[in-house]
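Please look at the structure below with its annotated active site in mind. The report that follows takes the residues concerned one by one and then brings them together.

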Amino acid sequence: MPEHEFAVWAPRPDRVRLDVGGHLHQMTRGEDGWWRAVVDAAPDARYGFVVDDNPKVLPDPRSARQPDGVHERSQLWRPTDDAWSDGDWRGRSIEGGVIYELHTGTFTAEGTFDAAIGKLDYLVDLGVDFVEVMPVNAFGGTHGWGYDGVLWYAVHETYGGPDGLIRLIDACHARGLGVLIDAVFNHLGPSGNYLPEFGPYMSAGSNPWGESINIADADADEVRRYILDCALRWMRDFHADGLRLDAVHALVDTTAYPILEELSAETDSLATKVGRPLSLVAESDMNDPKLITPRDRGGLGMTAQWDDDIHHAIHSAVSGERQGYYGDFGSLETLAQTLQHGYFHAGTYSSFRRRRHGRALDTATIPATRLLAYTLTHDQVGNRAIGDRPSQNLTTGQLAIKAALVLGSPYTAMLFMGEEWASSSPFQFFSSHPEPELARATAEGRKNEFAEHGWDADEIPDPQDPATFHRSKLNWDEIGDGDHARLHAFYRALIALRRDEPELADPWLDHLRVEFDDHRRWFVMHRGAVSVVCNLGEQPVEVPVTGEVVLAWDEPQTVGDTTRLAGHSVALLRAAN
């Protein structure tokens, strides 16, 4: 068997031994807190570390593979020599593209990377540019959303492990699709987190999901390196075209060189080395333009960020929902302000937060393509009490309006799996914690959280019930039926128009013009000579704009100098030269 060097950063214990296939080996500690040992090991050897006098064999914090789950031994892994066939892939930035967010476990009946490959030709036909895969890191249990990861370097085995992820990304590149991986660096899950046994990975603070990661406290340098190396590894070793960074506002970083800025710099360096663009998309609720401002202008250098204000403005205007964080939204004036300025809350009072929130975006220097617009996300569905989609509450015409406002906007667009055909499947919160007490606490916590907001606790799905997971799987059989097929065709045409119409590619918000009538419920978004004309009301309305009909949900009629739209409908018009 070949020799292999095993190493682990473990400044906390006094002794660390290496277990390879049940045989213990002494490890030597360096002054930097790293323990090392060179031993004979098969290329697929199972191994772990024994810390001090605890007999439990702990998995490697940088494990590439966990074939038996996050509580068991790690396994050595490296891709085969013929794993990749994407040598000609040159990639592209996500700016201005169309991203398709999916959850591997519910995207198909099988819930695997290989099964997802079978749907890639469908995504190409739809017209999307990128697949964004919800977290694939190893977490406790067999199924879950993936945000409870505890071994960030390993690929969840149930999905197909690291080899399966390579096959998926390689297949995406073969079809011209880029890939983003959703990476969670702000917290660790409650099941299988052994990192504190090795070193000071956790800080004294906390965020809504648990203990914070030690990014700025004593001995944080190696923890930061742990994060940076993991992020770069997805793009270098797995050929991902970028990352979606979960809830970066929960990263407690008080250093002069923020870790996001450091990651941006190292990502740009890697992009130069591999010869293709690499994108970092941050989820943040701070409405802080510094996040997407280039580093040479004093910003953190993220490529783009999720923009919930746009979602809230569109969803509340169309649906009429005003509860919770929708409280400041709903009017067409609010919709207009948000679409024109990127953020609604820009140093303004937020009733949900009960304080001023956000900062104005410089629309003259930051293009709209650095903000992601969407009608829904996994959060905006799954964090509802029963995981209901807009398709379960709105008319198909209302869904078409939302799609046109997103895909007809200057922002980078994102879809959530199944929205394009008004999928009837909910996307509910599901988990499979193997520990009985944790499973019970998760289920009870979910019920109590929504009961406080007036929901009947008996209506809240049990996250631990396997039926909750299976209910959330897409039903692909309905895509060709009735309004499902009609909406799918509309999405497909919208995306094609977005790609082919030059004026829809203009990224500058200063060029965007809107008109609206809150009383009569019509709204127009002008993109040069192309106008997105919406009737958000139930009754027909005449809108003071005319032109050639490029695409429409219902047949609009020209009446003098106006266009008559049916209730809950939308049309894209091109003005005459």
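In this predicted model, glutamate 283 is placed in the loop that runs between strand 17 (279-282) and strand 18 (304-306). Glutamate 283 counts as buried, because its relative accessibility is 11% and the limit for that class is under 20%. Its side chain is joined to that of arginine 244 by a polar contact of 2.9 Å. When neighbours within four places in sequence are left aside, the residues in contact with glutamate 283 include Leu245, Ala247, Val248, His249, Trp306 and Asp379, and Asp246 is also among them.

Aspartate 246, for its part, is found in the loop between strand 16 (242-245) and helix 7 (259-274). Aspartate 246 is likewise classed as buried, with a relative accessibility of 9%. Beyond its neighbours within four places in sequence, aspartate 246 touches Tyr147, Asp182, Ala183, Val184 and Asn186, as well as Glu283.

| Residue | Loop between | Relative accessibility |
|---|---|---|
| Aspartate 246 | strand 16 (242-245) and helix 7 (259-274) | 9% |
| Glutamate 283 | strand 17 (279-282) and strand 18 (304-306) | 11% |

What does the UniProt record place at Asp246 and Glu283? In an unreviewed entry, UniProt gives these positions the feature "active site".

Key
Residues are numbered from 1 along each chain as its sequence is written. This is a predicted model: local features need pLDDT of at least 70, side-chain atom pairs count only at pLDDT 80 or more; totals for chains, interfaces and linings use all residues. Side-chain values use heavy atoms; hydrogens and water are left out. UniProt positions are given in the numbering used here, feature names are shortened, and annotations may be inferred rather than shown by experiment. Helices (H or I, at least four residues) and strands (E, at least two) are DSSP runs, numbered from the N terminus. Buried means under 20% relative accessible area, exposed over 50%, partly exposed in between (1.4 Å probe, protein chains only). Contact means heavy atoms within 4.5 Å. A polar contact is a pair of N or O atoms within 3.5 Å; within protein, one must be able to donate a hydrogen and the other to accept it, and residues adjacent in sequence count only if both atoms are side-chain atoms.
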